[in-house]
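I opened my notebook to record what I looked up in this structure, one topic at a time. I wanted to go from the whole chain down to single residues.

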Amino acid sequence: MYKFRIHGPQFDFVYMDTPYRSVCIILSIPYKNRFASVEFSFVFFCITQSLIASMRSVENAKIGLVVSSVSLIINVTLNYVLIFGKLGAPAMGVKGAALATLVSRICECAVVIVYVLLIDKKLKFTPKELLKLDKQLLYDFVRYGAPIIA
């Protein structure tokens, strides 16, 4: 609850975070007597934003706008359906909001990956290149990123 002190004594707000994260948590890492949470939706968001930034660098920014707009529409629609239990879905409240976010991020990521692999002609990515690990880049990332994390 330490992270919510800036919001004041709004304990209902604090307890709403737990069901939201219970849907999204993929990994909990112990760190200084606390747990750092990495969420499913964040992983998909990072992949999407990396690919969109790559496409912007080759002057193809329109796909980023389209994908983000579609993701927003999916998220808002699913929020309405899952939070309030409309169209025959059960009313899930905060868990529904988490699930809607997760689904919209997965759709967003899938669309960008399909576009980059099958449609885009400027980047010319292949699945092998997307999964390739550059040891020098990883070394530099750890070398310069570790002091920031510590």
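The entries below follow that order, and I note at the start that the model is a predicted one.

Entry one, the whole chain. I counted six helices and two strands in the protein chain, and reading along the sequence I wrote down the pattern α-β-β-α-α-α-α-α. Of its 150 residues, 23% are buried, while the accessible surface comes to about 10900 Å², with 69% of that belonging to carbon and sulfur atoms. I also looked up the contacts with a separation of 6 or more, and 50% of them are between residues 24 or more positions apart.

Among the buried residues of H3 I listed Val67 and Ser71, and just after the helix I found glycine 85 with a positive phi of about 75°.

Glutamate 108 lies in helix H4, residues 94-119, and I call it buried because its relative accessible area is 4%, which is under the 20% cut-off. Leaving out residues up to four places away in sequence, glutamate 108 touches Phe45, Thr48, Gln49, Val67, Ser68 and Ser71. Tyrosine 144, in helix H6 (residues 135-149), is exposed because its relative accessible area of 51% is over 50%, and its side chain makes a polar contact of 3.2 Å with the side chain of arginine 143.

Methods
Residues numbered from 1 in each chain as written. Predicted model: local features only at pLDDT ≥ 70, side-chain atom pairs only at ≥ 80, totals over all residues. Heavy atoms only, no water. Helix = DSSP H or I, 4+ residues; strand = E, 2+ residues; numbered from the N terminus. Buried < 20%, exposed > 50% of the residue type's maximum accessible area, 1.4 Å probe, protein only. Contact = heavy atoms within 4.5 Å. Polar contact = N/O pair within 3.5 Å; in protein donor to acceptor, adjacent residues only side chain to side chain. Areas by Shrake-Rupley, 256 points an atom, 1.4 Å probe, with all protein chains shown as cover.
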